[in-house]
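User: I have a model open and want to go through it with you. Can you start with how the elements are named?

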Amino acid sequence: MLEHPFDGVECYYSSHSEKITNICLEFCHKKKRMITCGSDCHGEFEKTKMGQLNISGDFLQLKDFI
């Protein structure tokens, strides 16, 4: 994955376990990548709802994106 350019990782997502979230966060901190969150839903097969997450901007790392 690191062979391809990318700016960040969707660390906070409603179907991520706490362990997956922490792995993503650690990676972004080490590699200085943006930390984002998702509030989308990919279909009825998921147990998540659109807008389910309530993540403060203080938890994100968006560099100069905004």
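This is a predicted model: local features need pLDDT of at least 70, side-chain atom pairs count only at pLDDT 80 or more; totals for chains, interfaces and linings use all residues.

User: What does the secondary structure of the chain come to?

Analyst: The chain has 1 helix and 2 strands. Along the sequence they follow the pattern β-α-β.

User: How many bridges join β1 to β2, and which way do they run?

Analyst: β1 and β2 (residues 34–37) are joined by 4 bridges and run parallel. DSSP has to find at least two bridges between two strands for them to pair. Gly8 stands opposite Met34 in β2. From β1 the chain crosses through α1 to β2, and this crossover is right-handed. That term applies if, with the strands pointing away from the viewer, the path from the first strand over the helix to the second runs clockwise.

User: Where in the chain is confidence lowest, and where highest?

Analyst: Confidence is lowest in β2, with a mean of 86, and highest in α1, at 94. The mean pLDDT of the chain is 78, and 67% of its residues reach 70 or more. pLDDT is the predictor's confidence in each residue, from 0 to 100.

User: Switching to side chains. How many aromatic pairs are there?

Analyst: The structure holds 1 aromatic pair. The ring centres of Phe6 and Phe27 are 6.1 Å apart and the planes are at 15°, so the pair is stacked. Phe6 is in the segment before β1 (8–12) and Phe27 is in helix α1 (residues 18–31), so the pair ties together parts that are 21 residues apart in sequence. For the cut-offs: rings of Phe, Tyr and Trp (its six-membered ring) pair if their centres lie within 6.5 Å, and planes under 30 degrees apart count as stacked, over 60 as edge-to-face and the rest as tilted.

User: What sits over the ring of Phe6?

Analyst: The charged end of Arg33 does, 4.8 Å from the ring centre. A charge counts as over a ring if NZ of Lys or CZ of Arg is within 6 Å of the ring centre and within 35 degrees of the ring normal.

User: Which side chains meet in a salt bridge?

Analyst: Lys30 and Glu26, at 3.1 Å, N to O. A search of the whole structure finds 1 salt bridge, meaning a side-chain nitrogen of Lys or Arg within 4 Å of a carboxyl oxygen of Asp or Glu. Lys30 and Glu26 are 4 residues apart in helix α1, about one helical turn.

User: Lys30: buried or exposed?

Analyst: Lys30 is exposed, at 62% relative accessibility, and Glu26 is partly exposed at 46%. Buried means under 20% relative accessible area, exposed over 50%, partly exposed in between (1.4 Å probe, protein chains only).

User: And Cys24, buried or exposed?

Analyst: Cys24, in helix α1, counts as buried at 16%. Cys24 and Val9 are 15 residues apart in sequence and 6.9 Å apart in space, C-alpha to C-alpha.

User: Last one. What is the phi of Lys32?

Analyst: Lys32 has a positive phi of about 55° although it is not a glycine. Most residues other than glycine have a negative phi. Lys32 is in the loop between α1 and β2 and is exposed, at 58%.

How values were computed
Residues are numbered from 1 along each chain as its sequence is written. Side-chain values use heavy atoms; hydrogens and water are left out.
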